[in-house]
Amino acid sequence: MQGRKIILSVLILMFTASGAFCQTEVLKNVVNNLAFYKQKKDLKYLSNAKTTVDSLIQASPGPIDLEKSVYRVVVYSSILYIDSLNKLNEPATFLAQTTEMVDKLSENRKIYKFQVDMDYAKNCLTNVYIRKAFVYMNNYDFNNALQLFEIAKKYAPLFKQLDVYIAYSNNKLGHLNAAAKYYTGLIGGDSTKAEYVEAVSNIYKSFGDTVTALDIVKKGRKILPNDRSLILDEANIYNNKRDYRSLVNLLPSLLEINPNSADIAFVAANCYDHLNQYDKAESLYLHAIELNSSAYEPVFNLGLLYFKQSEIKQEKGNDPNTARAVQWLEKANEISPNDINCLRVLHLVYAQTGNKNQINRIDNKLKQLTNQ
């Protein structure tokens, strides 16, 4: 996961001479230094702005001047945001000090007069906390990362990307309910991503709550109807629940986007098999075997399919399906010689044909495997 920064739309405003405070003569020097920084990108101007605003605050020991205090947090937060390498050698407590000032000012009943300026300061702090959180995250310290992301969230509650970071950190820490809550909040509208849907779906599946997992996937597919991963996720849920009537509706799309997947071909064949659509099942079993000839399940299932068809036609030993059943079940037995289910079905097929030698061979093998 890569870090992102909030776009500070007020940055240019706060660094121009026509900003909110330019009419206040006592703050003119501060404003000018910020404007010089914008022009020359030299940190000394931010340092000068800080020195000036600090002196103005110290020169007024009486009641707090709200305008000066707001300008101080604008300067302080600008330094924190811009001087990420701390070339100005601010103390380790500088971020905590600035945060405390912003929080205190936010409680002032007249602060609404400086909303744009406070939003700017909060955006700067948000970026700083995100930046520091990603340092922890890159070192797999998700606990400290989560704490900093949550602080950032306080200053930018509408920044959805923070919900992604918080959800991800909670997931890594095993706080699955919290992770599910944040991921679920991200599903809906144009910002929905398949990875969010899959993440929360996987969490609910880990709880054993496939009903909620399926609801989440369906909600995601309404927004991202053609997303391959979500189609596969929904299909897997139906397949695991053996809900073949629901699964069959997804098979055309599933096969179209995964034409060379032996696993998908097998899942589709198995679904059609359970719905007694034997022609489609046969074709897809053969396709799965063509794609992966060493896989046991499609070979065994194909042999079982032919055996079922031979029993339906009840032409003992004469139906070509019987010979096909023997062919594929013997091949399955070659792939997995000790599979008891395959041996038992082979016993039934040879009983159909009356082949006593093969029956005896299989019975001896079964006795060895079952110790009977």
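Helix 10 and helix 11 are roughly antiparallel to each other in this predicted model. Helix 10 spans residues 194-206 and helix 11 spans residues 210-223. The angle between them is about 170 degrees, and their axes lie 8 Å apart. Because angles over 145 degrees count as roughly antiparallel, the pair falls in that class. On the helix 10 side, the contact uses Val197, Val200, Ser201, Tyr204 and Lys205. Helix 11 contributes Thr212, Ala213, Ile216, Val217 and Gly220. By class, the contact of helix 10 with helix 11 holds six nonpolar residues, three polar and one charged.

| Pair | Angle | Axis separation |
|---|---|---|
| Helix 2 (residues 28-40) and helix 3 (residues 43-58) | about 170 degrees | 8 Å |
| Helix 6 (residues 115-138) and helix 7 (residues 142-155) | about 170 degrees | 8 Å |
| Helix 10 (residues 194-206) and helix 11 (residues 210-223) | about 170 degrees | 8 Å |

Take helix 2 and helix 3. Their packing angle of about 170 degrees makes them roughly antiparallel to each other. Helix 2 brings Asn29, Val30, Asn33, Leu34, Phe36, Tyr37 and Lys40 to the contact. These meet Leu43, Tyr45, Leu46, Asn48, Ala49, Thr52, Val53 and Leu56 of helix 3. The contact of helix 2 with helix 3 has ten nonpolar, four polar and one charged residues.

Next come helix 6 and helix 7. They pack at about 170 degrees. That makes helix 6 roughly antiparallel to helix 7. The crossing of this pair is left-handed. From helix 6, the residues in contact are Lys122, Leu125, Thr126, Tyr129, Ile130, Lys132, Ala133, Phe134, Tyr136 and Met137. Facing them in helix 7 are Phe142, Asn144, Ala145, Leu148, Phe149, Ile151, Ala152 and Tyr155. The contact of helix 6 with helix 7 divides into 14 nonpolar, two polar and two charged residues.

Helix 6 also takes part in a pocket. The second largest pocket has a volume of about 230 Å³. Its lining counts 13 residues, and the closest to the pocket centre are Leu80, Asp83, Ser84, Asn86 and Lys132. Lys132 also belongs to the contact of helix 6 with helix 7. Which helix gives the largest share of the lining of the second largest pocket? Helix 6 does, with three residues. Helix 4 (66-82), helix 5 (94-106) and helix 6 each supply at least two lining residues. By class, the lining of the second largest pocket has seven nonpolar, two polar and four charged residues.

One residue elsewhere deserves a separate entry. Asn239 sits in helix 12 (residues 228-241). Beyond its neighbours within four places in sequence, Asn239 is in contact with Tyr244, Leu247, Val267 and Asn270. How far is Asn239 from Ala268 in sequence and in space? The two residues are 29 residues apart in sequence and 9.3 Å apart in space, C-alpha to C-alpha.

Methods
Residues are numbered from 1 along each chain as its sequence is written. This is a predicted model: local features need pLDDT of at least 70, side-chain atom pairs count only at pLDDT 80 or more; totals for chains, interfaces and linings use all residues. Side-chain values use heavy atoms; hydrogens and water are left out. Axes are lines fitted to C-alpha atoms, for helices over the stretch in contact, and angles run from 0 to 180 degrees between N-to-C directions. Helices (H or I, at least four residues) and strands (E, at least two) are DSSP runs, numbered from the N terminus. Angles under 35 degrees count as roughly parallel, over 145 as roughly antiparallel, 65 to 115 as roughly perpendicular and the rest as oblique. A crossing is left-handed if the near helix is turned anticlockwise from the far one by less than a right angle, and right-handed if clockwise. Contact means heavy atoms within 4.5 Å. Ala, Val, Leu, Ile, Met, Phe, Trp, Tyr, Cys and Pro count as nonpolar, Asp, Glu, Lys and Arg as charged, and the others, Gly among them, as polar. On a 1 Å grid over the protein atoms alone, a cavity is a set of points where a 1.4 Å probe fits but cannot get out, and a pocket is an open set with protein on both sides within 12 Å along at least five of seven lines; lining residues have an atom within 4 Å of a point. Grid points are joined across faces, edges and corners, and a volume is the space filled by probe spheres set on the points.
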